[in-house]
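Subject: Structure handover

Hi,

Here is the structure for your files. My notes on what was found follow below.

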Amino acid sequence: MMLDQVVLVAAVTVLGMMEQAYFSLKVIYARRKHSVSPPATTGPPEFERVFRAQTNCSEYFPIFIFSLWLAGVFFSQALAALFGILYLYGRYLYFHGYAESAQGRLEPLYFSAKMQWALIAQSGLGVVCTLTHAYLGLDLMHSVTHLLGLTEHT
């Protein structure tokens, strides 16, 4: 595999790591602001919302990374990177919405969940198409990309 075949996915991965680090720093700042020393995870609602937002984002990060890479390698690097960027943007909005109010997390949560499911679908479809091509000699990927309008009519 050539690096140019995965560089977009790698760039989104770096952005995702930076976002996770940023969320962790926000928890440190919230701990200091609200005098909540580790290992405590409870405190004023303002702290708990920031803590919960960061924890939730961390819980979903492995699923995001696996689906991003599988979609990028087996389906489409460009589409995986696009949906990956949109997912990270949704998570950024989720984090800040949740920090403000529990209700503020909902719209960005639904948006990022849709982006995540799109990556999962691309991953599954790409892997199934690769398996059928490798072991059954069927080129389902061509049919799928044609149906989705991603290739020219042949």
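A crossing is left-handed if the near helix is turned anticlockwise from the far one by less than a right angle, and right-handed if clockwise. Helices (H or I, at least four residues) are DSSP runs, numbered from the N terminus.

This is a predicted model: local features need pLDDT of at least 70, side-chain atom pairs count only at pLDDT 80 or more, and totals for chains, interfaces and linings use all residues. Residues are numbered from 1 along each chain as its sequence is written, and side-chain values use heavy atoms, without hydrogens and water.

Helix packing

Helix 3 passes helix 4 in a left-handed crossing. The two pack at about 155 degrees, with axes 8 Å apart. (Axes are lines fitted to C-alpha atoms over the stretch in contact; angles run from 0 to 180 degrees between N-to-C directions.) So helix 3 is roughly antiparallel to helix 4 (angles over 145 degrees). The contact (heavy atoms within 4.5 Å) includes F83, Y87 and R91 of helix 3 and F111, M115 and Q122 of helix 4. Its residues divide into 13 nonpolar, five polar and one charged. Here Ala, Val, Leu, Ile, Met, Phe, Trp, Tyr, Cys and Pro count as nonpolar, Asp, Glu, Lys and Arg as charged, the others as polar.

Largest pocket

K26, Y29, A30, K33, H34, E46, R49, V50, A99 and E100 line the largest pocket. Helix 1 gives the largest share, five residues. By class, the lining has four nonpolar, one polar and five charged residues. (A pocket is an open set of points on a 1 Å grid over the protein atoms alone, where a 1.4 Å probe fits, with protein on both sides within 12 Å along at least five of seven lines; lining residues have an atom within 4 Å of a point.)

Best wishes

Terms used. Parallel < 35°, antiparallel > 145°, perpendicular 65-115°, else oblique.
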